[in-house]
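Dear colleague,

I am passing a structure on to you, and I would be grateful if you could look through it before reading my notes.

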Amino acid sequence: MGVLLAIVALWIALLPRPSATPRPAVDVAASAAYVSASSGTTLYVPSLPAQWRATSVRATDTASVPGWHAGYTQTDDDRAYVAVEETKATGGPSDEVWIAAVMKTAPQRETRTIGGRSWRLFSDGGDPERRSLVARLGSTLVVVTGLADLDVLAGAAESLRPVPPGPGATGSGVSGSASPSTPVSGATAPPRS
């Protein structure tokens, strides 16, 4: 019996295993279009260089404020990460509450002009350093954040374009799930009142 267990253990130990489980690419634009149509919130997506791959899209609830998240990793280095966090701007104190919750403890370091817009730069000073750029684009608060060079984040911020609302639910109600063309269920962000 012991010999059989030793053979099975050796066989299991020698089986090849992938070093990481690859994440399937997601269709950020389709999700953003559906969420825009169902929530009445204009969402923005970046145009990142080819080595960046979309890996996550989801609804968020930060500081009790509904929002939307899209995440990207580099195809050759999954430690490099860029994300776009968005919510409908109210122009009131809840905007700053949401920004503070997204930033966690990272303080604002400076203000930069990127693509003709003023962006607030936050940095946690860690190793690796998480940097975030925050701006209001129309009626949407946008955070471009990640573990990437500031030039990459600035390029992502400058490349942001609004996504036209796609087919699906329209209006300002809450939708319980994403459209069939959206690969992540529940990727909706109702507007704030």
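**Strand pairing and what surrounds it**

Within strand E4, Val-82 is the bridge partner of Tyr-72. That pair belongs to an antiparallel pairing in which E3 and E4 (residues 81-88) are joined over six bridges. Please keep in mind throughout that this is a predicted model.

On its other pairing, E3 runs antiparallel to strand E2 (residues 52-62), with 10 bridges between them, and here Tyr-72 of E3 is the bridge partner of Ala-54.

Two residues lie between the strands in the hairpin of E2 and E3, where Ala-63 takes a positive phi near 55°. Ala-63 is also one of the residues that Ala-101 touches, the other being Thr-62, once neighbours within four places in sequence are left aside. Ala-101 is found in helix H3, and although 38 residues separate Ala-101 from Ala-63 in sequence, their C-alpha atoms are 6.1 Å apart in space. Is Ala-101 buried or partly exposed? Ala-101 counts as partly exposed because its relative accessibility is 29%, and the cut-off for buried is under 20%.

Turning to the chain as a whole, there are four helices and nine strands, and from the N terminus on the elements run α-α-β-β-β-β-α-β-β-β-β-α-β. The chain has 193 residues, of which 44% count as buried. Of the contacts with a separation of 6 or more, 55% are between residues 24 or more positions apart.

The largest nonpolar core has 34 residues, and those that touch the most other members are Val-28, Trp-68, Trp-119, Leu-133, Val-142, Val-144 and Leu-160. Helix H4 (residues 150-159) supplies the largest share of this core, with five residues.

As for open space, the largest pocket holds about 310 Å³ and is lined by 15 residues, of which Glu-85, Val-102, Lys-104, Arg-130 and Thr-145 lie nearest its centre. The elements that give two or more residues to this lining are E2, E4 and helix H3 (93-103), and E4 gives the most, with three.

Finally, a word on confidence: the mean pLDDT of the chain is 82, and 79% of the residues reach 70 or more. Over residues 169-193, however, pLDDT stays under 50, although the model has 67 contacts beyond four places in sequence for them. Where pLDDT is low, the predicted coordinates should not be read in detail.

With best wishes

Notes
Residues numbered from 1 in each chain as written. Predicted model: local features only at pLDDT ≥ 70, side-chain atom pairs only at ≥ 80, totals over all residues. Heavy atoms only, no water. Core = buried A, V, L, I, M, F, W, Y, C linked by side-chain atoms within 4.5 Å. Buried < 20%, exposed > 50% of the residue type's maximum accessible area, 1.4 Å probe, protein only. pLDDT = per-residue confidence, 0-100. Contact = heavy atoms within 4.5 Å. Pairing = 2+ DSSP bridges. 1 Å grid on protein atoms, 1.4 Å probe; cavity = no way out; pocket = protein on both sides within 12 Å on 5 of 7 lines; lining within 4 Å. Points joined across faces, edges and corners; volume = space filled by probe spheres on them.
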